[in-house]
Structures are given as C-alpha cells and as structure tokens.
Amino acid sequence: MIRILVAEHLPLVRRGLVSSLEAEADLSVVAEVGNGEDVVPEALTHLPAAAVIDLDLPGGGLAVTTRLHEKAPGCKVLVVSAHPNAGQVRGAFAAHALGFMSLDVGPEQLAEGVRQIAAGRRAVDSDLAVAALESAANPLTRRELDVLRIAAGGARSTEIADQLFLSVGTVRNHLSRIMCKTGARNRLDAVRIANDSGWL
C-alpha cells in the first residue's frame, strides 16, 4: 500500500484528488492539507511515501517541495498545476520533485504517476516533457533578470534604477536588450515570456 499526502488549497479540487487516489486498491491517502505550512509536519507525522503538491499552494508549491525533500527525503513529490508550462516543469525538478502533471490528467494517469514516483522514477506528461526539453535556454544575464524581476512588480524605469543603483539610461538599455532577446513586444510581454520559460 502506497501512503500519500495530498496538498491542495482548493477544497473541491483536494477532495477530487483524494477520491480518485483512494479509488485505487494500492493507494491510501493518509493526510490532506490546504496550505504549505502543514505539509512537512504532516509528512513527519504520517510518513507518506509520496506527496501530491499543488504548484499554487499557499507558501509556494516549489518552496514546500524543497523543504519536504530536506526534512522528509523518503517522501517523493508529484507536483500538479492547473496551467502547466515548460518553465514550471524545470522548476519542479530543480526543487527535487520526481513528477509533474497537469490537473487535467485522468485519474488513472495520476495514480500511475504516484506509483512511479513512489518507486523512485520520474513521472511527467509526455507533452510537458517535450516542451521543457525544447524550450530555449535562458538568454538573459543576471543583471537583466534583476531588472525584469523588479519590472514584473510594475516598477517604472526610475524605480528600477533606484533599487539597483543604476542610471535610468542603463535600465532602459537593459529593458531594450531583454525585449530583443525574448522577442517580446513590451516589458509585460517579456515578463510573461520569462515566467513561462521558468527564467524568473
């Protein structure tokens, strides 16, 4: 019997995940939580072999995944996302998850994914895996990423310059290069592209 922890902040979605996993004869949900703070304590209490963690979990699904790997390395993680993209897949694996799936998968595929990660094998939807492999490497420099992260919060060029101790002209040059490198139409588009690619 594979013992599972389910971490999903939306009660209705959590109930659906639990029900579909419990329908399998070899799977047993031993804990379910709605926020990131409860994941590690519940894992240490119930000792699950696998955890299904929502990417959008309060406290950050990837941050929780990393903490779980540090505190309870015997619990393997399958990250799920309502709006998956290639950057999220790379981010999940960087956080030591063994699996990544869309919340659109069927119950059988989710159950098989849990079995795979519990056995120490990777489980990822094939389309997402291909997208993650084909997505371009990050072309932005560390300074360009700094500029874009601050711009993502809605900051103007003068505010970015103040925070990074740069001139406004230098910030504008960085933003121009960022848009050239990403093929973005404007800075908001550049933020979206960088987020989707997992660069930010």
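This is a predicted model: local features need pLDDT of at least 70, side-chain atom pairs count only at pLDDT 80 or more; totals for chains, interfaces and linings use all residues.

**Helix packing and cores**

Biologist: How many charged residues are in the contact of helix 1 with helix 5?

Modeller: From helix 1, Leu 17, Ser 20 and Leu 21 take part, and they meet Pro 107, Leu 110, Ala 111 and Val 114 in helix 5. Sorted by class, this contact of helix 1 with helix 5 has 6 nonpolar residues and 1 polar residue, while the number of charged residues is none.

Biologist: Is Ser 20 buried or exposed?

Modeller: Ser 20 sits in helix 1, and, leaving aside residues up to four places away in sequence, Ser 20 touches Pro 107 and Leu 110. Its relative accessible area is 17%, and because the cut-off for burial is under 20%, Ser 20 is buried.

Biologist: Which element gives the largest share of the largest nonpolar core?

Modeller: The largest nonpolar core has 21 residues, and those with the most contacts inside it are Leu 5, Val 39, Ile 53 and Leu 68. Elements giving two or more residues to this core include strand 1 (2-7), helix 3 (61-71) and helix 4 (86-94). The largest share, 3 residues, comes from helix 2.

Notes: Residues are numbered from 1 along each chain as its sequence is written. Side-chain values use heavy atoms; hydrogens and water are left out. Contact means heavy atoms within 4.5 Å. Helices (H or I, at least four residues) and strands (E, at least two) are DSSP runs, numbered from the N terminus. Ala, Val, Leu, Ile, Met, Phe, Trp, Tyr, Cys and Pro count as nonpolar, Asp, Glu, Lys and Arg as charged, and the others, Gly among them, as polar. Buried means under 20% relative accessible area, exposed over 50%, partly exposed in between (1.4 Å probe, protein chains only). A nonpolar core is a set of buried Ala, Val, Leu, Ile, Met, Phe, Trp, Tyr and Cys residues joined through side-chain atoms within 4.5 Å.
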